[in-house]
Amino acid sequence: MKTNANFVYLNGLYWENKAEEVEQHIAKDLLSLTEVKSRKVGKVGPVHQIIEGDNLGALHLLNKKGETFDLIYIDPPYNTGNKDFKYTDTYFNTEDEARHSTWSSFMHKRLQKAKQLLSDNGVIFLAIDDAEQARLKLICDGIFGEQNFVANFIRKNTAGSGHDSKQVAVEFDYMLCYAKNINTLVFNQETVDVESDKKYKYEDRFVKRRGKYYLRDLDYKGSYSKTLDYEITAPDGTKMLSGGALGRPNTWRWGKEKFKWGIKNDYIVFKETPKGWKVYIKQYQFVDNKDEIRVRKLPYRALIDFNNSKGSNELKDILKQDIFSYPKPTDLLQFVLDLIPNKEINVLDFFAGSGTTLHATMLQNKKDGGKRSCTLITNNENNICEEVTYARNKAVIEGFKTRRGKLVKGLEGNQLKYFKVRVKK
């Protein structure tokens, strides 16, 4: 990265280095964090905090305190030109050529601070759409390192919209994911619902323990191994070779001793076809190929489906108002939280908006017995921090009544503290 007082060059991007007033306060050490004790909620359980103020200043103060976070999720302004990104009291429109440069400067400063706050095993998720996805990816490659890129999740965020689109109806956005160190990052995996998987269609005398099974061809066209290239005798005495002959490229999946074990333990099936004998392995639902009980898991897919309408309805039920555009649904954030095996992590969201991340953190703690703590940072423009972010999560802890009069019990066992970033006189 090359930078001077006026411009930044990073990873092929070049933008004007926009000065922000809060940077002067940081340079002069004029910022402090003050608790508003009258807004404390709860007495026991994980301590969560909401910080009201400019997020660049708040990130600086958290770093100064030596705090670290294992998971950072942000939903920054998408900079679509539809009054979603405001800088020095000015909204940018689609015709303003400076909007991408200003947005890049704005995000770069904050993501540099975010990297400093990530723990050694930490991971960051960044929501974005097509307006700035390409630039954000390049900025993150430059800050976190291309080698630490994990995935670009593609989220189906709406359904049935875009009927008036002139070209293509876009019903998705993105969520970039970077590790602090890709070599130490561990994600949970998704449990495969083998009971509903229709490919398991056969059963035998072991069905109660092993479950149903499907057949996998023992013939294997992978990397060649001499120990997997041997003769098998079919039930009528016919001699069989993988691919019909010894030598490359074909081999069996199992070696000779493993095959004998398979015959003994009823893992092998012979079938006679018009072209000759075929031999198969039984792949069971509930056991592996050593006849040991296993829960089948696979990595989560980067194609996900979490609809914004649920987020809107959640917020309306709590605050009885339609006051926030496209809030993320709690199940999206719970999905993110559930990727991390550790259930006692520190979570940070410094574009907190409606406060979904804290709400989801408390829900996930209740679901799996976790003790995660969450810090939210947002400004108080139009009283968002006080009347939305704080009000929502206070109601979630204490309990609330939905628009339809349903009583929702509070998520007790959580503490919430409220802080303000102040400029010293």
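Which side chains does a polar contact of 3.2 Å join? The side chains are those of Thr356 and Ser354; a polar contact is a pair of N or O atoms within 3.5 Å, where within protein one must be able to donate a hydrogen and the other to accept it, and residues adjacent in sequence count only if both atoms are side-chain atoms. The structure is a predicted model, in which local features need pLDDT of at least 70 and side-chain atom pairs count only at pLDDT 80 or more, while totals for chains, interfaces and linings use all residues. Residues are numbered from 1 along each chain as its sequence is written, and side-chain values use heavy atoms, with hydrogens and water left out.

Thr356 belongs to helix α9, residues 356-368. Helices (H or I, at least four residues) and strands (E, at least two) are DSSP runs, numbered from the N terminus. With a relative accessible area of 6%, Thr356 is buried; buried means under 20% relative accessible area, exposed means over 50%, and partly exposed lies in between, for a 1.4 Å probe and protein chains only. If residues up to four places away in sequence are not counted, Thr356 touches Lys328, Pro329, Thr330, Leu333 and Arg392, contact being defined as heavy atoms within 4.5 Å. Asn365 also lies in helix α9 and counts as buried, at 8% relative accessibility. Leaving aside neighbours within four places in sequence, the contacts of Asn365 are Pro46, His48, Lys343, Gly370, Lys371 and Arg372.

Helix α8 covers residues 330-338, and because seven of its nine residues are buried, the helix is largely enclosed by the rest of the structure. Among the buried residues of α8 are Thr330 and Leu333, both of which touch Thr356.

Helix α2, residues 55-64, is likewise largely enclosed by the rest of the structure, since eight of its 10 residues are buried. Asn55 and Leu59 are among these buried residues. At the start of α2, a side-chain oxygen of Asp54 comes within 2.8 Å of the backbone nitrogen of Leu56. Just after the helix, Gly66 takes a positive phi of about 80 degrees.

In soluble globular proteins, nonpolar side chains tend to be buried together. A nonpolar core is a set of buried Ala, Val, Leu, Ile, Met, Phe, Trp, Tyr and Cys residues joined through side-chain atoms within 4.5 Å. The largest such core has 86 residues, of which Leu71, Leu111, Phe125 and Phe350 touch the most other members. Strand β9, residues 118-128, supplies the largest share of this core, seven residues. A second, separate core of 16 residues includes Met240, Ile281, Tyr284 and Val287.

Helix α7 (residues 308-319) and helix α10 (residues 384-398) pack at an angle of about 75 degrees, with their axes 10 Å apart. Therefore α7 is roughly perpendicular to α10, a description used for angles of 65 to 115 degrees. Axes are lines fitted to C-alpha atoms, for helices over the stretch in contact, and angles run from 0 to 180 degrees between N-to-C directions. Glu314, Leu315, Ile318 and Leu319 in α7 meet residues of α10 that include Val388 and Arg392. Asn313 is also placed in helix α7 and, at 34% relative accessibility, counts as partly exposed.

Conventions. Parallel < 35°, antiparallel > 145°, perpendicular 65-115°, else oblique.
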